[in-house]
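Me: Hi! Could you walk me through this structure with a few questions and answers?

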2 protein chains.
Amino acid sequence: MPTSTIGPELQRLIDLLAKMPGLGPRSAKRAALYLLKKREQVMGPLAFALDDAARKVKACETCGNWDSIDPCAVCADGTRDDAILCVVQDVGDLWAMERAGANKGRYHVLGGLLSPLDGVGPDDLNIGGLIDRARGDGVNEVILALAATVDGQTTAHYLAEHLASAGVSVTRLSQGVPIGGELDYLDEGTLTAAMKARRPA
Amino acid sequence: MPTSTIGPELQRLIDLLAKMPGLGPRSAKRAALYLLKKREQVMGPLAFALDDAARKVKACETCGNWDSIDPCAVCADGTRDDAILCVVQDVGDLWAMERAGANKGRYHVLGGLLSPLDGVGPDDLNIGGLIDRARGDGVNEVILALAATVDGQTTAHYLAEHLASAGVSVTRLSQGVPIGGELDYLDEGTLTAAMKARRPA
């Protein structure tokens with residue numbers, strides 16, 4: 001398209017929208033047109049919400065969950081079981097576990113998976129914090145709720161080894177999780193079944 | 001999901017993202033997580049771009065195109081053919097025409113289609129402005145580039161009637177087999193229209 005047709009402000013907006021997962025160049029244009037039509041109801045509030053969340057939402061220093069309070073709402077929830085620590089890859093997986101209601105304990109967000117091919121090593125993940133927590137605050141069981149992928153299982157194996165001296169039972173989700181499946185896309189029934197069938201790592 | 005897991009700032013962001021076309025509740029969550037990971041590169045700039053575009057991008061008073069200058073870049077372009085006025089439903093269709101390089105003339109954005117069922121009448125569209133332009137500024141031809149739907153054809157019929165006295169030739173896009181289209185996959189209506197409008201090979 002000739003550059004003259006779409007002004008620079010609009011083009012920049014479209015380019016940024018197109019970077020979001022789920023939106024391509026053409027759907028970003030549709031989204032921009034929609035937003036311009038809903039200036040008061042959606043576009044203005046969205047600009048504010050983005051700015052507000054970018055400033056206020058931080059990683060919880062305890063578990064790595066994203067929230068505007070620290071400790072986060074999950075860590076601050078007194079009704080949860082302190083004896084159980086559920087290790088997840090990222091915040092999306094924490095949300096998936098919560099959506100399924102599959103974990104009544106605490107969480108620990110690793111911030112990724114070990115991946116030699118992508119150059120992600122132990123120092124790039126929040127593993128030190130996990131081992132401290134497993135040793136420290138009355139934890140009986142660490143559940144490794146990681147993807148059933150090569151990287152996920154490599155990470156689970158590494159964590160199981162390094163948690164061996166922490167005096168906790170280390171379990172992982174059962175192989176009810178489909179091979180190659182991402183937690184965030186799983187149905188609640190499968191997640192719950194996999195939690196129930198967890199076994200020693 | 002329990003409300004406690006996702007904080008209010010984050011939940012509001014997800015709810016607003018989910019309103020955009022192409023994003024549902026789950027992809028809005030993925031988008032929010034992506035944005036929080038790309039705070040400096042995407043999230044902040046997007047908040048600014050939304051606010052900036054919401055304030056600066058206006059409908060061109062001449063043609064209805066959206067731009068941060070008025071008249072818009074298309075109306076201000078001196079190389080375009082003033083004799084041709086291409087009528088489109090909305091700005092997205094103007095962009096589609098420009099992407100195809102299909103119109104070297106000017107545009108007129110109606111802002112919708114006549115739709116008795118949805119309560120959209122002539123006064124809701126920019127029809128008065130179209131008739132003034134067709135009468136006024138050296139226009140020879142008005143091309144009705146409207147969708148081949150019931151509403152699109154109703155609107156084209158209405159406009160053709162009201163442009164009859166303007167002393168311009170009124171045309172509309174041809175209907176037929178799309179380029180690259182297999183006959184076997186076409187609907188009966190399109191095939192019948194293409195047969196009726198057949199022309200010498």
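Predicted model: local features only at pLDDT ≥ 70, side-chain atom pairs only at ≥ 80, totals over all residues.

Residues are numbered from 1 along each chain as its sequence is written, chains are lettered from A and ligands numbered from 1 in the order written, and side-chain values use heavy atoms, without hydrogens and water.

Me: What percentage of the residues of chain A count as buried?
Reply: Buried means under 20% relative accessible area, with a 1.4 Å probe and protein chains only. Chain A has 201 residues. The share of them that counts as buried is 54%.

Me: Are α1(A) and α2(A) parallel, perpendicular or oblique to each other?
Reply: Axes are lines fitted to C-alpha atoms, for helices over the stretch in contact, and angles run from 0 to 180 degrees between N-to-C directions. Helix α1 (residues 8-17) and helix α2 (residues 25-37) of chain A pack at about 125 degrees, with their axes 8 Å apart. Angles under 35 degrees count as roughly parallel, over 145 as roughly antiparallel, 65 to 115 as roughly perpendicular and the rest as oblique. The pair is therefore oblique.

Me: Which residues of α1(A) meet α2(A)?
Reply: Contact means heavy atoms within 4.5 Å. On the α2(A) side, the partners include A:Pro25, A:Ala28 and A:Leu36. On the α1(A) side, the residues are A:Leu10, A:Leu13, A:Ile14 and A:Leu17.

Me: How many charged residues are in the contact of α1(A) with α3(B)?
Reply: The axes of α1(A) and helix α3 (residues 39-56) of chain B come within 9 Å and cross at roughly 145 degrees. Among the residues that meet are A:Glu9 and A:Arg12 in α1(A), and B:Asp52 and B:Lys56 in α3(B). Ala, Val, Leu, Ile, Met, Phe, Trp, Tyr, Cys and Pro count as nonpolar, Asp, Glu, Lys and Arg as charged, and the others, Gly among them, as polar. The contact has 10 nonpolar residues, 1 polar and, as for charged ones, 4.

Me: Where is A:Pro71 found?
Reply: The peptide bond leading from A:Asp70 to A:Pro71 is cis, with omega near 5 degrees. A:Pro71 sits in the chain A loop between β2 (66-67) and α4 (73-76).

Notes
Helix = DSSP H or I, 4+ residues; strand = E, 2+ residues; numbered from the N terminus. Buried < 20%, exposed > 50% of the residue type's maximum accessible area, 1.4 Å probe, protein only.
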